[in-house]
Each structure stands twice: as C-alpha cells, then as structure tokens.
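Before reading this report, please have the sequence and the three-dimensional view open side by side.

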Amino acid sequence: MTILECKDITKSFPIKRGYLQEEVGAVKALDGVSLSINKGEVFGLVGESGCGKTTLGKIILGVLKQDSGTVALATRRIQVIFQDPFNSLDPKMRVFDILAEGLILQGSSEIRKKVESSLDLISLPKGALDKYPHQFSGGERQRIAIARAVLTDPEFIVCDEPVSSLDVTIQLQILRLLKDIRKQFSMTYLFISHDLRVIKFMSDRVAVMRQGRIVEEGPVRQVYTSPSHPYTRELLSSILEVYPDAYGQ
Amino acid sequence: MMDGTILKVRDLKTHFQTDRGVVKAVDGVDFDVRTGETFGIVGESGSGKTLTALSILKLVAPPGRIVSGSVVFKSEDLLLLDAERLRKIRGSKISMVFQEPASAFNPVFTIGYQIIEAVMAHQAVKMSKARDLAMEFLKRARIADPAKAYHDYPHQLSGGAKQRAMIAMALVNSPELLILDEPTTALDVTIQSQILDLLDEIRERERLSTLFISHDFGVIARMCDRVAVMRKGLIVESGDKAQILNDPKEEYTVSLLESVKALA
C-alpha cells in the first residue's frame, strides 16, 4: 500500500540581486521528482548538499508549496525530525511543554501521563521534564525531538538528517532508537541524509538525488551492490571504509 | 633531519577558567610527529583535538590558557618563544588548514591578495615574485581555473575550491610541518575524496610532516601512518594505524571503532 506518492514535482527559487532585489534568474531546486513510498518502509533519500533533498522534504510536509506536480499523502498524521536539535527545540520552553505542545493542539487527554511515558521510550529520567533544552547534550536533545514527534502518534515521519550533527557513537544510538520506534509503532519514514552509511543502515529502499533529480532508485542492496548510475558509483566510491584487514595484522 | 622527530609535545595542558570552575580541555597530552610521517589525532567533539592543534601554535584565545607543557619543534620550545619569533614560524615553517574554508579567509579581500600577503609576511621578495608564487601554488592545488580563482573573492568559490585555495596558502611558504584540522569535514563526500587525493599527492612530492586531526576514522585510516585517540583532554591510546584499527587496547577505542563498523 502506498502512503506517499509524489509526481513530477518542480520547485524553483528566485535569485535576487542588488538593492532593489531584482529577480535575475532562478535556481531549479527540484526538476521533476517522482517517488512513491510504501506503508511501513524506510525510504532513504541520499544526495550531496544543494541537491534538493530538504526542499522535497519540506514540500511533502506542506511547509513549502511546489511550482508544479502533485503530492498525495494517504495520511494526515505526519511529523518531522530535524537535523539540528540545538535549533529545533525552543530554548525558552521546558521539556514538558515542548513535549506536551503537540498533544494540547490535538486536544488530547491524559497529557501528563503520555508525556511521562514517552520518557521511557527515549531513556530519559522523569526529572528531565522540568529542565530546559540547553541542559542536555546533543544526543539527548535529539531524543527529546524524537519523543515530541512520536507523541502525536504519526503514521509518517520525515527524518531530515537526524544524526548528522552528532558524534558517531551517539549517531548509532539514535539510529537504533529510530529503528525500534518504527517497528514498535509500525510507522513509515522518509529518511533524508547525505551519509551513505547511515542510509544503508536505516533504509529498505533508496533514491539518489542530484541537482534536483532522482538519478537512481531501488532496494538498498541492489543500489549499493550494483549501482546503475555513474553518480551513484562515484558517491559509493567516496565512502572511506575503516577496513581493519586492509592494513595487515 | 630525515629520520628524526619534527614535533615533540609533552605534558601539554590547556585549561579554561570559567564561572563554574576549571575546564581541562587538554590535560596532559604527549605525542611525537616524526619527520615525513602523517600523525593522526582522532576523537569525538569536545575531546580536545582542535585545542591541541591550536595550543601547538599558541593560538588559544582567553579564557583558555596553556598552563603547562612543552611543544618542541625541531629544537625550539614554541611555548617559550616571544610573539615576534612565533609569528615568523606560524604560516611559514608550520602552517595550518582549518575546517571551515568559508570562515578561514577574509571575505573582503581576493584569494590572490591573501596568498600574496602570506608570502610577503615571510619571504623577502618583490611583489611580482609573490604574485607568481601565489599563482603557482593555486595551480599546484589543482584549482579548476587558477587565474580566475586568483581574482575571486572567497564567496565566489565553491567549498572545495576554497579549501584548495586554503591549501595553496598553507603551502606557499614551503612549511616543514602542516597541521590539518578537519580539512574535509565541511565538504561533500565526493569533494572530500578529491581533496584527500590532493593532500596525498602533495605529501608524496614534498615529503611533508603532517598532523592530521579528524573525528572521522575513515579519513584517519586513509591518511595516517600513526594515530592517537583522544578523549576528554587525554590521549587514551596511540600507535601504528594498523595496530589501533586491528588490535585496539583501550575500551574506548574499541567502542568508537564498533560504532563506525556498525554503520559500514
């Protein structure tokens, strides 16, 4: 069953110059992107900076409007986890209020109970609720952002580079948490990252983006073992493996 | 000088006086960089690896302070030199490439101007000679269009080209020791591999001694001969690359490598 279907999406941003901010041209951020995501899968979207992957995520979330093309979402229960947990949490709100905000907007009942139980999910102590974001490490903050997303009971989460500002040991913890949550609540992820290793670890299927287009798409194993597009091959050959065996015992 | 030690760091401590007490960012670090080798320091954020590099050149800003130790470059202890002597060494005998090429250049001067400035600060040459040197090193750094890059302002270059220009500037005074602090971290992977190729080529040609700092074990494994693993201001383990990667002794190194391998 398809949960998301994007057809031929285009999006340009104007280039403005000078004091009068005259439009002198446009950047094609998305140049005819189509993809479909099945319910329950993790769909990886990989590409280098400026390729349009975040723009696509924003259009799917409805934060940006596409110039043309259609987005068909089979659910309205959609959430987002951003890259930088230093910017995505309001510094003036306590953790309890951050976590409760979505539930209040939904008109939910038993808010305190739900918020408290979400702490177990992300392995933070009850005392965390009275603290402010700055009192937590980057990894803990990302856990809070994850709990905030999960609390509103979404079916579909756009994860936009959720681990790229974290150290490797913390990355792994967060990725494992995201995997567990997906399984436990049978959710669907659109997982956006520039890091091929992270995408491989997380995804069932993957699309490779470049300059506003998807150049290759397929099951992770197929794309990683027999890439068909030269750009995918270039990306894959840029991965620096730490093969201990390659350096001789 | 072929098979000696070019840099000897002993008991280096850099502390920060804060309202809540002393933060021991670098807390007793010892290591040697041998002539002609690439020595890597790997660690997670906050481990003190960048401050170690900055301390070597006495570039630590207050409230940070180098509280003890010695940094012997060839035969001089850099920490004992006066400002004038140190300025003669920075950017000439020892040069440094920083992580963020966008903020390492001055935005209001052209690339060519900034490289010439580096030349004139250290070499008694005429302007025309300095200009030739700047062009030559931009070419050596394999910038796509050196003549254009020379006249460009930093913002007109891509991230990769900017880092190439940075490398050109670091090499223009023929340093003996090159300190690279996360030189590819801000770049896309395909650009990263191009820059690492360039650094390989330069090291081979110039037989440069290099101190290479990175959080990325993949980059360290690719570039270094010997490696030190840093954590909380201390080197927890150091040795030949093969030994550290194949047979780490410390639990922290093991856990770090496991996180990397789990994602491989």
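Helix 2 of chain A is followed by Gly107(A), whose phi is positive, near 70°; helices (H or I, at least four residues) and strands (E, at least two) are here DSSP runs, numbered from the N terminus. This is a predicted model, in which local features need pLDDT of at least 70 and side-chain atom pairs count only at pLDDT 80 or more, while totals for chains, interfaces and linings use all residues. Residues are numbered from 1 along each chain as its sequence is written, and chains are lettered from A and ligands numbered from 1 in the order in which they are written.

Within helix 2 (residues 95-106) of chain A, the buried residues are Val95(A), Ile98(A), Leu99(A), Ala100(A) and Leu103(A). A residue is called buried if 20 or more other C-beta atoms lie within 10 Å of its own, exposed if 12 or fewer, and partly exposed in between, with C-beta atoms placed from the backbone. Helix 3 (111-121) and helix 4 (138-151) of chain A are among the elements that cover these buried residues of helix 2, where contact means C-beta atoms, placed from the backbone, within 7 Å.

Strand 7 (residues 188-193) of chain A has 6 of its 6 residues buried, so it is largely enclosed by the rest of the structure. In a regular strand the side chains alternate between the two faces of the sheet. Here Thr188(A), Leu190(A) and Ile192(A) point one way from strand 7 of chain A, whereas Tyr189(A), Phe191(A) and Ser193(A) point the other way.

| Partner strand in chain A | Bridges to strand 7 of chain A | Direction |
|---|---|---|
| Strand 3 (residues 42-46) | 5 bridges | parallel |
| Strand 6 (residues 156-160) | 5 bridges | parallel |

In these pairings, Leu45(A) stands opposite Ile192(A), and Ile157(A) stands opposite Tyr189(A).

Chain A as a whole has 8 helices and 9 strands. Of its 249 residues, 39% count as buried, and its C-alpha atoms fill a box of roughly 65 × 50 × 45 Å, taken along the principal axes.

The contact between the chains takes 21 residues from chain A and 26 residues from chain B. On the side of chain A that touches chain B, helix 5 (residues 168-184), helix 6 (196-202) and helix 8 (230-237) each supply at least two residues.

Notes. Pairing = 2+ DSSP bridges. Right-handed = clockwise from strand over helix to strand, strands pointing away. Contact = placed C-beta atoms within 7 Å.
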